[in-house]
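I opened this entry to look up two things.

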Amino acid sequence: MADIIIAYGEYFQGRLHPASLEILTPLYEIAEKMKKRLVLLILSKDKEEIKNSPDLKKALCHEVWIVESSEFTGFKDDLYSRVVTEVVREKNSYGVFFPSTFQGLSLAPRIAGLLGVGLCAHVNAFELGEDKLLMLRPTYGENIMAKLYSTTLPIMATIALGAFPIREALQEPEFKEIRLSADFNWKSKIRLRKFISSKKEPNRLSVAKVVLAGGLGLKKRENFEKLQDLAKHLEAEVGVTRPLCYAGWMDEEHMIGVSGVTVRPKLYIGFGISGAIQHTSGMENSEFIIAVNTDKEAPLVKMAHLSLICDAGALLDALLKRLRV
């Protein structure tokens, strides 16, 4: 019986990626309704480190499965994909789901290929039909939401970052060590000669308490740089709309919307953003929304809790002047 749902937990250099906990929120609800067991699968060189993780003791799942090996000293996607595939096959899983992190996006297509099943990418929501699990994701230029279902088992999908809030479990999940067959090939074709940490600051947009977002209404890059300056003063994260990514003002990791990051801050301020659905679907659950725009008919102005009808660049100048006094 396929009574197990597996969520991949990205654990790297002693840290669990928070997106691994985000994907448990919808999957736990699905598992409960379908009377299945939700398992968080983690590959690590130290199982005791996993068992003692405070985050994992509160993980919203029924079980945490640990595959331990000294070979997990770096991310080797050929080995990792074979290990996960072996576990999925042995446990006859109903579904396997990955956060849309670098590891998740690397492993999911490899594993789907090894299993010979379909893969749905960038899922934003789930619905349970009478006899099937529907996966929702943007399509046709992000203008519509498609409802997809898998005709193969296990169901496989990657889940968009920030699409779901992290929820904690009421009781600690059961920790189990999973041992692979004695003849499993642990060798990887990848040789790590040297590891150099990226100098790039990690993107914390999906978990930020305050988000300042910029759109084309900023008019010029100079104004966007002022927005970035204001964000530093407020200890906020910066998000953008797709046109600003295309303009090269910010990379796509900071794009908010259906094909970017979903944010749920306590305070969101949109500077010069009209409020197309492609953007608002990624920030509509913010606790308090402020819109800054010269167009009082703009969709974001109408959905905001507070709207300032003015030029975004002029407001940034005034705010920075006040903060620098």
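**Domains and salt bridges**

I began with the division of the chain: domain 1 covers 4–177 and domain 2 covers 205–324. I note that the model is predicted. I then took the C-alpha centres of domain 1 and domain 2, which lie 31 Å apart.

**Where the domains meet**

I looked up the contacts next. On the domain 1 side, 13 residues are in contact with eleven residues of domain 2. The size of an interface is often given as the accessible area lost when the parts come together. Here I find about 940 Å² buried between domain 1 and domain 2. Carbon and sulfur atoms give 44% of that area. By class, I count six nonpolar, five polar and two charged residues on the side of domain 1 that touches domain 2.

How many salt bridges are there between domain 1 and domain 2? I get zero. For polar contact, I find two residue pairs across the interface of domain 1 and domain 2, both at pLDDT 80 or more.

**Salt bridges**

Side chains of opposite charge can pair when their charged atoms come close. My count by the distance rule comes to 18 salt bridges.

I started with Lys 51 and Glu 48. Their closest N and O atoms are 4.0 Å apart. The cut-off is within 4 Å, and the pair is listed as a salt bridge. Why are Lys 51 and Glu 48 separated by about one helical turn? Because they are three residues apart in helix H3, residues 47–51. Lys 51 is partly exposed at 28% relative accessibility. Glu 48 is also partly exposed, at 41%.

Next I took Lys 76 and Glu 71. Their side chains meet in a salt bridge at 3.8 Å, N to O.

My last pair was Arg 179 and Glu 177. The closest N and O atoms of this salt bridge are 3.6 Å apart. Arg 179 is exposed, with a relative accessible area of 64%. Glu 177 is partly exposed at 28% relative accessibility. I then followed the shared partners. Salt bridges join Lys 47, Glu 68, Glu 177 and Arg 179 into one network.

Key
Residues are numbered from 1 along each chain as its sequence is written. This is a predicted model: local features need pLDDT of at least 70, side-chain atom pairs count only at pLDDT 80 or more; totals for chains, interfaces and linings use all residues. Side-chain values use heavy atoms; hydrogens and water are left out. Helices (H or I, at least four residues) and strands (E, at least two) are DSSP runs, numbered from the N terminus. Buried means under 20% relative accessible area, exposed over 50%, partly exposed in between (1.4 Å probe, protein chains only). Domain bounds come from an automatic or database domain assignment. Contact means heavy atoms within 4.5 Å. Buried area is the accessible area (1.4 Å probe) that two parts lose on being put together, summed over both. A polar contact is a pair of N or O atoms within 3.5 Å; within protein, one must be able to donate a hydrogen and the other to accept it, and residues adjacent in sequence count only if both atoms are side-chain atoms. Ala, Val, Leu, Ile, Met, Phe, Trp, Tyr, Cys and Pro count as nonpolar, Asp, Glu, Lys and Arg as charged, and the others, Gly among them, as polar.
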